[in-house]
Structures are given as structure tokens and as C-alpha cells.
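The following paragraphs lead through a single protein chain, from overall confidence to individual side chains. Please keep the sequence and the model in view while reading.

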Amino acid sequence: MTTAVGRNAPCPCGSGKKYKRCCALKTQRKMSVQSWLLMSAIALMLLAGAVIGLSSLDDLDERAMPGRVWHGDHWH
């Protein structure tokens, strides 16, 4: 059964430092890397959605409104 280590207690890794100055920082750093990876994944998904959305705008010219015909450079 493991007990929680207090912030001011000696670090259980044996470094001789206080827990708050040793392994507690490693846990926080790991969380920040995970957060960074999550934010990067979300940003990539948003970017992909924007690219797909903008590329579908090009298709609007190809879909003529009913009763209208494309002639050269304008709609009739």
C-alpha cells in the first residue's frame, strides 16, 4: 500500500531533493506535454476542416441555380 508523498517530504526517487522540487515537477511537465499534444491534434483537425470547407466553396460555381445558365463569364 503506497501513501501519498507530501510536497516538502524527501523525494521517494532517492535524489535527496524535496518532492516538490524533483518528481512533482516531472509530473507537471508530463501533463503539459500531453496538453500540448492534445491541442496540436485539435488544431490539425480544425485546419483540415477549414481546408475541406474552403475547397467545397469552389464547387459552388459548378452547381448552377435552377433556371440559370453559365455563359462565358456570368450567369443568365
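The protein averages a pLDDT of 78, and 72% of the residues score at least 70; pLDDT is the predictor's confidence in each residue, on a scale from 0 to 100. This is a predicted model, in which local features need pLDDT of at least 70 and side-chain atom pairs count only at pLDDT 80 or more, whereas totals for chains, interfaces and linings use all residues. Residues are numbered from 1 along each chain as its sequence is written, and side-chain values use heavy atoms, with hydrogens and water left out.

Confidence is highest in helix 1, at a mean of 84, and lowest in strand 2 (residues 74-75), at 71.

Of the 76 residues in the protein, 5% are buried. Here buried denotes under 20% relative accessible area, exposed over 50%, and partly exposed the range in between (1.4 Å probe, protein chains only). The protein exposes about 6,800 Å², of which carbon and sulfur atoms supply 65%; accessible areas come from the Shrake-Rupley method with a 1.4 Å probe, and for residues only the protein chains shown count as cover. Among contacts with a separation of 6 or more, residues 24 or more positions apart account for 0%, a contact being heavy atoms within 4.5 Å.

Helix 1 spans residues 23-57 and contains Ile42. With a relative accessible area of 37%, Ile42 is partly exposed. Together with Leu38, Met39, Met45 and Leu46, Ile42 makes a nonpolar surface patch of about 550 Å². Residues in such a patch have over 30% relative accessible area and no salt bridge; nonpolar side chains (Val, Leu, Ile, Met, Phe, Trp, Tyr) are joined within 5 Å, and like charges within 9 Å. A salt bridge places a side-chain nitrogen of Lys or Arg within 4 Å of a carboxyl oxygen of Asp or Glu.

Lys20 lies in the segment before helix 1. Because its relative accessibility is 24%, Lys20 counts as partly exposed. Leaving aside residues up to four places away in sequence, Lys20 touches Arg7, Asn8 and Leu25. The side chains of Lys20 and Asn8 make a polar contact at 2.9 Å. That term denotes a pair of N or O atoms within 3.5 Å; within protein, one must be able to donate a hydrogen and the other to accept it, and residues adjacent in sequence count only if both atoms are side-chain atoms.

Methods:
Helices (H or I, at least four residues) and strands (E, at least two) are DSSP runs, numbered from the N terminus.
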